[in-house]
Amino acid sequence: MNTALAKEELERILDQAVQDVTEQTAGVCLRQDNQSPGEDLCTVRITFDKGFHTSLTLCADTGLLSRMACNSFHEESISPEDLEEFSKEYFNVLCGRIARAMFQVTNVPAHFSPPVFYHGRYEPEGSEVQFMLTYSDGDCGGAQFIHHVPRVDEDGTV
Amino acid sequence: MSKRIMVVDDSRLARVQLGDVLEGTDYEIASYVRSGEDAIEQYDAVKPDLVTMDIIMQGMDGLDAAEIILKQHPEARIIMVSSLAYEDTFERAKAIGAKGFVDKPFHREQLLKAFEEALG
């Protein structure tokens with residue numbers, strides 16, 4: 001995948017998409033920050049295929065995702081089921097924006113799997129982190145967007 | 001008189017956002033269904049002025065559902081909705097007779113423009 005798009009360009013695309021989609025969808029401003037999310041986390045993951053073969057993971061404070069969901073649904077509180085639905089749809093829309101932006105640069109159409117939701121932090125097997133962007137909402141809510149690429153063994157096999 | 005919209009989307013988030021975007025306009029959400037199959041079944045009863053149809057849903061694909069509705073109701077005005085689409089999808093939407101295409105997240109201007117063009 002990475003021969004199609006430089007890491008710095010992908011970081012730029014991801015950062016822009018995160019800020020735009022999060023504000024438009026949930027009315028929350030996320031800005032890059034050094035503070036990692038806490039212990040109570042949720043993870044959503046999608047896998048890009050047909051050209052890219054990588055995955056993107058959102059690992060965020062449950063409190064942050066809950067606030068985003070409450071904003072989006074105009075509700076005071078959110079059920080676990082609604083939190084999961086919101087998280088998957090939000091991430092789906094975000095990845096759509098990213099894929100469109102990647103296409104504009106590379107002319108390679110990327111398709112991705114339906115998002116999968118996990119409670120806690122999820123680390124995909126057989127992958128390594130190419131880069132990670134960490135965000136905060138300025139109110140103790142943190143999120144990490146992690147780009148995984150296939151792990152290459154010492155002998156060059158994937 | 002308000003124009004009546006049938007929203008076909010399995011995402012509650014999309015439904016809420018569409019309602020937010022249409023607030024204060026001359027469009028009202030007359031019906032919300034979560035699948036292409038339900039849209040086909042209920043179209044005749046609802047008789048919307050316009051349909052927004054998500055493409056990726058559980059069960060039947062939105063393009064397939066739109067194609068069936070348009071065969072049964074050639075007068076139907078359907079706008080396809082997606083978080084990601086490429087040229088082949090646009091071409092298929094056009095070929096089946098969809099009146100427009102909008103991206104998620106919804107932008108008020110883009111959505112209203114698509115509605116006006118579809119109803120024009």
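This is a predicted model: local features need pLDDT of at least 70, side-chain atom pairs count only at pLDDT 80 or more; totals for chains, interfaces and linings use all residues.

Start by finding the glycine B:Gly24, which comes after H1(B) and has a positive phi, near 85°.

Residues are numbered from 1 along each chain as its sequence is written, while chains are lettered from A and ligands numbered from 1 in the order in which they are written.

**Stop 1: the sheet of chain B**

Now select the strands of chain B. In what order do the five strands form the open sheet? The order is S2-S1-S3-S4-S5, and the pairing is parallel. Two strands count as paired if DSSP finds at least two bridges between them. Strand S2 (27-33) and strand S5 (100-103) of chain B are at the edges with a single partner strand each, so one side of each has no neighbour in the sheet. From one strand to the next, the twist averages 25°. Axes here are lines fitted to C-alpha atoms, for helices over the stretch in contact, and angles run from 0 to 180 degrees between N-to-C directions.

**Stop 2: strand S3 of chain B**

Zoom in on strand S3 (residues 50-54) of chain B. Five of its five residues are buried, so the strand is largely enclosed by the rest of the structure. "Buried" means that 20 or more other C-beta atoms lie within 10 Å of the residue's own, with C-beta atoms placed from the backbone. Show the side chains: B:Leu50, B:Thr52 and B:Asp54 point one way from S3(B), B:Val51 and B:Met53 point the other way, and all are buried.

Next, look at the neighbours of S3(B). On one side, strand S1 (residues 3-8) of chain B pairs with S3(B) in the parallel sense over four bridges. Across that pairing, B:Ile5 stands opposite B:Leu50, B:Val7 is opposite B:Thr52, and B:Val8 has B:Met53 as its bridge partner. S3(B) also pairs with strand S4 (residues 78-82) of chain B, again in the parallel sense over four bridges. There, B:Thr52 has B:Ile79 as its bridge partner. To get from S3(B) to S4(B), the chain passes through helix H3 (residues 62-72) of chain B, in a right-handed β-α-β crossover. Right-handed means that, with the strands pointing away from you, the path from the first strand over the helix to the second runs clockwise.

**Stop 3**

S1(B) and S2(B) pair in the parallel sense over six bridges.

Which residues of H1(B) are buried? They are B:Leu13, B:Ala14, B:Arg15, B:Gln17, B:Leu18 and B:Leu22. The buried residues of H1(B) pack against S1, S2 and S3 of chain B together with H2 and H3 of chain A, which takes us over to the other chain.

**Stop 4: where the chains meet**

Colour the two chains differently. How many residues does each chain bring to the contact? Chain A gives 17 residues and chain B gives 10 residues. Two residues are in contact if their C-beta atoms, placed from the backbone, lie within 7 Å. On the chain A side, H3(A) supplies the largest share, 10 residues. By class, that side of chain A has eight nonpolar, six polar and three charged residues. Ala, Val, Leu, Ile, Met, Phe, Trp, Tyr, Cys and Pro count as nonpolar, Asp, Glu, Lys and Arg as charged, and the others, Gly among them, as polar.

Select H3(A) and H1(B) together: they pack at an angle of about 75°, with their axes 9 Å apart. That makes H3(A) roughly perpendicular to H1(B) (65 to 115 degrees). The contact joins A:Glu85, A:Phe86, A:Glu89 and A:Tyr90 of H3(A) with B:Arg12, B:Leu13 and B:Ala14 of H1(B).

**Last stop: two helices of chain A**

Finally, pick H2(A) and H3(A), which pack at an angle of about 85° with their axes 9 Å apart. Among the residues that meet here are A:Leu65 and A:Phe73 in H2(A), and A:Phe86 and A:Tyr90 in H3(A).

Notes. A residue is buried if 20 or more other C-beta atoms lie within 10 Å of its own, exposed if 12 or fewer, and partly exposed in between; C-beta atoms are placed from the backbone. Angles under 35 degrees count as roughly parallel, over 145 as roughly antiparallel, 65 to 115 as roughly perpendicular and the rest as oblique.
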